[in-house]
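Please open the model in a viewer and keep the selection tool at hand.

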Amino acid sequence: MRTTCPYCGVGCQLEPEVRAGRVVRVLAPDLPPNHGALCVKGRFGLDFPFSGKRLLYPMLRERKGAPLRRVSWEEALDFAAHRLHETLKAHGPEALAVFPSAKTTNEEVYLAQKLARVLLSTHNVDHCSRLCHSSSTAALSRALGGASMTNPLEDIWKTDLFLVVGSNTTETHPVIAAMIKKRVRQGARMIVVDPRYTGMAEAATLWLRVRPGTDLFLLNAMARVVVEEGLWDRAYVEERTEGFQAWAESLAPYTLERAEEVTGVPGERIREAARLYATTERAGAYWAMGVTQHTKGTATAQALVNLALATGKVGREGAGLNPLRGQNNVQGAGDMGALPDVLPGYAKVAEEEARRRFEAFWGVPLSPKPGLRMTEVFEAIPEVKAIYLIGEDPMTSEPFQDHTKAQLEALPFLIVQDILENETTPFADVVFPAASFLEKEGTFTNTDRRVQRVRRVLDPPGEARPDWWITRELGRRLAALSGRPWPLHEGPEAIWEEIRRALPGMMGGISYRRLEKEGVRWPCPSEDHPGEAVLFRERFNTPSGRARFFPVDYTPPAETPDEAYPLTLSTGRVLFHWHGGTLSRNSRLEAAYPELKVEVNPRDAARLGIADGERIFVVSRRGRIQARAWVTDRTPEGVVYAPFHFAEAPANRLTQDALDPISRIPEYKVSAVRLEKLD
Ligand code: SF4
């Protein structure tokens, strides 16, 4: 039975072969987006649903300090609904938060954010995009009026130049990386901006090894070359954009000399990159966390948007602005409104017309005040008194872990809904065991806006239930307590039908029947519409229809190396594992990559007397972890790279919680550390 990979945002189509309740083999059909290709995670990492760590029964604890005990679904749901309702009555909607999961289906995310807004009256709704692409969302939304890849993945075959910034695509989106590299072998060129010698850097025509956290300076310097040398697209800028002049003037400080000093990249190479990008008509920009996870993440994404607009790259085939989304359904989670400032379809909470539309649709009044973002919710504990947490593990994913632990300990009420035990489960007051992707129906939306089916291949184990069922049943009880409307959907397709009615211009033409054949990309307003491939061909989704330039200034990272902590720590992922490791480390992939290896440059290793393979401490102002040193010049001198998948040696014990002022994303990519030998 065909379904969609639960790991990354590529959304590969796959066919798990099940025998005796086990996945014994995974095949891939010749369908978009992957056309038969799978990476190691899709091929060999799908056995996590059979892990001994599966949550099988509902559990609750009466009071803090008491043990979790197994209870019936009735008891767990009643208990949770009463506690949420009491919190709402006593402390108001701002004391509650709901975090839907980008691992779950569109239908499940939609229902969870609806529960928050309709039954708990709160916009304190957010998801893991806060920690990955919230900076891209902020930059793209204000400049273009839409936050997604502007171009489809098929456009890779039409692209003549790739500008890849801060994306280790080979390990994080392997199937896309393979497509891009194949296109490069066919003759396209590729500029890669990255401090590390990644698989993409290896395949690049031009690799710009920036110092961590200086991409913004480099992009502004490229833009200055474009303006100074008259390489900008005058007709495009005049017809389709606004704010060019003020932006062009703001680039004055970004000379190549200064850029060389700040970024470490020779000025002439920056000039070469600027000329290449500006003069190649079909040039597509691709980026990921290296751009976004900084205190200036929004500004850096904006610098990339500005550069693309000045050179007329948006709304054209084979070009565009393409943030590579991480989670399987992180695009869908945003589309479904799992964000504190927007309703489904990115309708702004603060805009009266949008709000009125959903008030009429759902039959309840909605507050005009946007809610708190995920990182702000954790800061607001104990004023925030209850969290309904779905498929998230903040103990692993939030920065500055010791602080997160203290906040979770101070939280009066936590519901954890998940498929597997994780580092956050011990803090739960109620545990709802959820069904995995193999055990339910629904849809995911991949990184290029393609809505695809998820199909039930197995029954859930024990008493685990699909997330939509759990949210529906919790909602049923909250509705009885509050008297608010809560239609009981029979299943995922009925929820999807409500989504289609809520978002007619975006999802109206996408039915389950249509998805039987293959995925369909939004916007798709009618059943005979093929789904829009390239966005903004004619006009942007802004009030004037024009895209907007926003001048952005470089600021250094919040924490820079000093005598006590002389190295820069950067965090990220490896091919074999996935985010907090809850899925991949409970699969066969664990055997391939079982422990934390920290990349250390040979010069730093020699100076500190550290041998390849030696166990060391990595220490920051916030804590220390033990790791094995991997001495390699993949990572530049002065920089240490640590994957964040290992709960027993969590990289996020070291990272800092300094936030971007707009997106409120933490600066995961730059923290000051030192290395210590074990003895
Ligand atoms: Fe799954 Fe992504 Fe790998 Fe495709 S590239 S198999 S979606 S993890």
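Begin with the shell around the ligand: by class, nine of its residues are nonpolar, four polar and one charged. Here Ala, Val, Leu, Ile, Met, Phe, Trp, Tyr, Cys and Pro count as nonpolar, Asp, Glu, Lys and Arg as charged, and the others, Gly among them, as polar. The model is predicted: local features need pLDDT of at least 70 and side-chain atom pairs count only at pLDDT 80 or more, while totals for chains, interfaces and linings use all residues. Residues are numbered from 1 along each chain as its sequence is written.

Next, select Cys5, Cys8, Cys12, Cys39 and Gly42, which come nearest among the 14 residues around the ligand (C-beta atom, placed from the backbone, within 6 Å of it). Helix H1 (40–44) and helix H6 (174–185) each give two or more residues to this shell; helices are DSSP runs of H or I with at least four residues, numbered from the N terminus.

Now colour by domain, with bounds from an automatic or database assignment: domain 1 (3–50), domain 2 (59–131 + 328–521), domain 3 (134–323) and domain 4 (567–677). Domain 1 and domain 3 each supply at least three residues of the ligand shell.

Turn to domain 2 and domain 4, whose centres, taken over C-alpha atoms, are 31 Å apart. Their contact takes 17 residues from domain 2 and 18 residues from domain 4 (C-beta atoms, placed from the backbone, within 7 Å). On the domain 2 side, select H17 (374–380), H18 (394–397) and H19 (401–410), each supplying at least two residues. H19 gives the largest share, three residues.

Key: Contact = placed C-beta atoms within 7 Å.
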